[in-house]
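Subject: Handover of a structure, with notes on what was found

Dear colleague,

I am passing the structure below on to you, together with some notes on what came out of it. Please read them with the coordinates open beside you.

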Amino acid sequence: MKLFVSEGNPHCLKVLAALEVTGVQCDVQYVNHEERVVPFLSRPALPALLLSSGLHLFSSNAICRYMFEASGRESSELCSQWLEWEATELQPALLQALHIAVLQGKGAEASKALKGPLNYLDQSLSKTTTPYLTAEAVSVADVVLWAALYPVLSDSSLALGDHKLVQAWFDRVAGMQGCQAAAQKVLQGKGLQGMKSYMQRQPAPQSSQCRDTKSCSSSPTEGEEGERVVSEEEMEAAALTWSKGLDNCPVATERQHPILPQEGKRNILLTSALPYVNNVPHLGNIIGCVLSADVFSRYGRLRDWNLLFVCGTDEYGTATENKAREEGLTPQQICDKYHAIHSSIYKWFQIDFDFFGRTTTEKQTEIAQNIFWRLHERGFLMEDTVEQLRCESCQHFLADRFVEGICPHCSYPEARGDQCDKCGRLINAVELREPQCKVCRRTPVIRSSKHLFLDLPKLEAQLEQWLEKSTGAGDWTTNAKQITRSWLRDGLKPRCITRDLKWGTPVPHPDFGEKVFYVWFDAPIGYLSITANYTDQWEKWWKNPQQVELYNFMAKDNVPFHSVVFPCSLLGAQDNYTLVNHLVATEYLNYEDTKFSKSRGVGVFGDMAKDTGIPSDVWRFYLLYMRPEGQDSAFSWADMALKNNSELLNNLGNFINRAGMFVSKFFEGCVPVMELQQEDKRLLAQVGWELRQYIQLLDKVKIRDALKHILNISRHGNQYIQVNEPWKKIKGGDAERQRAGTVTGVSVNIACLLSVMLSPYMPTVSQTIRDQLNAPHSCITIMLQGAGAFVCSLNAGHRIGTVSPLFQKLEADQIEALKKKFGGQQPQKTAPNAANAKPADAPAAAAAAVAAAVNGADPDRAKQLTQAVAEQGDKVRALKAQKAEKAVITAEVAMLLDLKKQLALAEGKSPEPTAQKGKKK
């Protein structure tokens, strides 16, 4: 490993301190602040850790966590929460404080920026019974927070107030061997002035202590936050906007179908990657495409954009044929069955498509064949003989996704037949070393067949010209740009567009009458055919690039087909097609510490979510809160409960319920008269700022980040109520009663605004809030217009409805039961405790499984076990990569060996004697 750091960079102090405390062996290289050591980043990023695998870590907190785990010290959930708090709450305040102290020389004023975070840390330390933040021993959280605070807490010129517990904790960590040495290396004994060169290169911080518009997570609990500095001008402007109310508000119009482009409107065509029909979508599939697209489409309608949202099931291909064979149905019957399942799942998740279609239609055949002939006529297709892998056992040619083997480029052992997930290189399936059929695990043979190819090299110049324009002007996610560049880096190769299958769109060329279109030539055309099944005027959307903006939503594995293959097909067709302007791709959502697996019962799939008793809006909230925008994220039951109970119940729900209850209890259900004071105007300005950030982020499809600003507003509201105590003032004299009325009226209007902002995320909760407040429908149309306008929508005298709690607590026993239910079942009932067996028990467990097996081959059982073996192998590899505890890995390996023995029996083979595994040579 090699660690790159720079002098004067406070983030480098964290990683050097972690290196000293953990004792991890690592080369350290000092570079200047502008050095770009991470090759794929467009800006310098220090510190950076180059791993032996060639991967880079360039988040200081991630590097610290890695070092602690490499030294055998696992991070607890509380550690993770403290690291989130440091990154999202403490760092913005520190940046502002350091900017004031180092660059402006106003040390006395810097303390104001740090008051909130230091108070919160002091209070938290008062509640712990351990000498450190999370345990009896120092953790990664202690080192990260200590290093972050070192520049300010070690400088006596900064009057940071009396925080005795913080100072005592700080001194304890400072006593750790190596911490002071790390500080000396970074700051060179110059204190704050040692950071001046670094700080001069940093952008000036926003006038906010604890928030920015970057990705963030909540603090460990609801803590104190420093307030954003609000000017007098902002306060007066906010009060003026508030006073306009709903006068001259545009009347909301209902959607009229068919939706078609309109002159003078922003016309948006929005697609979500077509889910493959042969399986049930899991939570990762749902957040990766349809749910993200749904949020943006709902938001767009609130913004009064003329928007059409289409999607549908992708139904052709080998996987459908195989699924039909497994279930004893025809491919069409399989498609009909699973299309209905998908539709039902998306309806429960409240995905508001304008049209949800499918690809097995006459329109699909008509449009795909038309594009094919236009490409053929213009010389963009070529013929070639292809060597393909054919499984003699399954009696068909293997589609790319049904063969895997060793990557010929990087030796990754589980490369697919079209692309290696590790190095990202394109592969022809016959290039794989030791290929296997993923259905039966037999070795396929090579056979020749004549096919048609899309001549991508001929289209490459057109593609690059279009990409430069689209990626420059549109909102393409970083991963979408990177993946596209990786495909173009070595030059495009001709891409096969036909397959030796029966179930697919037939190739109309007479020389290829026995073939169908390859699914990745055919499937994206489904967007066009689905729109054509929605309206016969579909070309107004798809052949109208002058008027229409196209947004594509997907997970990152679908990017190349939407950014390279499909655009080349449309460019080559030369028919004025609308090409993607904004390509929005997520990373992957995993389940707890592993992958979703239907066969092993691991993870929550779409058809199971409603059986948990948790409302779909709560599912939507948590998936969107954890949306993998910049990196992979993981669903966690414990974290879901934490976010529900802290953010929804105690923060958002608590504020909205209190505001409504005060109106009902103290003012007989009518909004009281409001006489604004400076404090109220300051709150209006703060809320207005959060609203504008929300709009700016959602305009750029930063869905997760925008959600945090909703929660910030309710936190402001809760603090406002706590400070003003209307429940006490209502019992006082006229002036105090008036004050209680103003606070209550402002609060209930903030609740109304929150209902509008929540609408894209939690549509049912949003409507429930408006129903409880009896809010006028016009409030929906004005709040999100332009840059955003927080107006008084519930005037004095407005009568609200019946107020009731919006959310329920998720109890620990309920969550534990759900975690157990979806944590996977043992494949063999005779050995229920195999996963927890000690190493010495593994042979006994295997013997029991062998004894319980039925003599003779069982093909159906073999198929199930083949899948289980592959997934258990994935789990073992993942645990090893994560450096899990040896006992955990040993138990999972024992489980894998047990499964392999069961598979051997199911295939009619003799299992390898267990004793030989441990024999010494």
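Which residue lies over the face of Y518, and at what distance from the ring centre? It is R499, which is placed at 4.0 Å from the centre of that ring. A second case of this kind is K708, which lies over the face of Y625 at 4.3 Å from the ring centre. Please keep in mind throughout that this is a predicted model.

To give the overall picture, the protein has 921 residues, of which 57% are buried, and its secondary structure comes to 32 helices and 20 strands. Among the contacts between residues at least 6 apart in sequence, 77% join residues that are at least 24 apart.

Aromatic pairs

A pair of aromatic rings is described by the distance of the centres and the angle of the planes. With ring centres within 6.5 Å as the criterion, the count comes to 37 aromatic pairs. The rings of Y346 and F353 have their centres 6.0 Å apart and their planes at 80 degrees, and because an angle over 60 degrees counts as edge-to-face, that is how this pair is classed. Y346 and F353 are both buried. The pair formed by F372 and F517 is tilted instead, with 5.4 Å from centre to centre and 50 degrees between the planes. Since F372 belongs to helix α13 (residues 362-377) and F517 to strand β16 (residues 516-517), this pair ties together parts that are 145 residues apart in sequence. Here too both residues, F372 and F517, are buried. Beyond such pairs there is a cluster, in which ring pairs link Y591, F596, F605, W619, Y622, F635, W637 and F822.

Strands of a sheet pair through backbone hydrogen bonds, either parallel or antiparallel. Four strands form an open sheet with mixed pairing, in the order β2-β1-β3-β4, and its edge strands are β2 (27-30) and β4 (56-57), each of which pairs on one side only. Within this sheet, strand β1 (residues 2-5) pairs with strand β3 (residues 48-50) in the antiparallel sense over three bridges, and the bridge partner of F4 in β3 is A48. Helix α1 (residues 10-22) lies across β1 and β2, and runs at about 145 degrees to β1.

Helix α2 (residues 60-70) has S60, N61, I63, C64, M67 and F68 as buried residues. Seen down the axis of α2, these buried residues fall within an arc of 160 degrees, so they line one face of the helix. An α-helix has 3.6 residues a turn, so residues three or four places apart point the same way. The elements that cover the buried residues of α2 include β1, α1, β3, β4, α3 (77-103) and α5 (140-153). Just after α2, G72 takes a positive phi of about 90 degrees.

Two further sets of strands

Strand β5 (residues 267-272) is mostly covered, as six of its six residues are buried. In a regular strand the side chains alternate between the two faces of the sheet. In β5 both faces are covered, with N267, L269 and T271 buried on one side and I268, L270 and S272 buried on the other. Five bridges join β5 to strand β6 (residues 306-313), and the two strands run parallel; the bridge partner of N267 in β6 is N306.

Another open sheet has three strands in the order β11-β10-β12, with antiparallel pairing. Because β11 (415-416) and β12 (433-437) stand at the edges with a single partner strand each, one side of each is left without a neighbour in the sheet. Strand β10 (residues 403-406) pairs with β11 in the antiparallel sense over two bridges, and E404 stands opposite R416 in β11.

A buried arginine

The last point concerns R704, which is found in helix α24 (residues 703-724). Is this residue buried or exposed? Its relative accessibility is 14%, and because residues under 20% are classed as buried, R704 counts as buried. R704 and S292 are 412 residues apart in sequence, while in space they are 9.4 Å apart, C-alpha to C-alpha.

With best regards

Notes. Residues are numbered from 1 along each chain as its sequence is written. This is a predicted model: local features need pLDDT of at least 70, side-chain atom pairs count only at pLDDT 80 or more; totals for chains, interfaces and linings use all residues. Side-chain values use heavy atoms; hydrogens and water are left out. Rings of Phe, Tyr and Trp (its six-membered ring) pair if their centres lie within 6.5 Å; planes under 30 degrees apart count as stacked, over 60 as edge-to-face and the rest as tilted. Buried means under 20% relative accessible area, exposed over 50%, partly exposed in between (1.4 Å probe, protein chains only). A charge sits over a ring if NZ of Lys or CZ of Arg is within 6 Å of the ring centre and within 35 degrees of the ring normal. Two strands pair if DSSP finds at least two bridges between them. Contact means heavy atoms within 4.5 Å. Axes are lines fitted to C-alpha atoms, for helices over the stretch in contact, and angles run from 0 to 180 degrees between N-to-C directions. The arc is that of the directions from the helix axis to the C-beta atoms.
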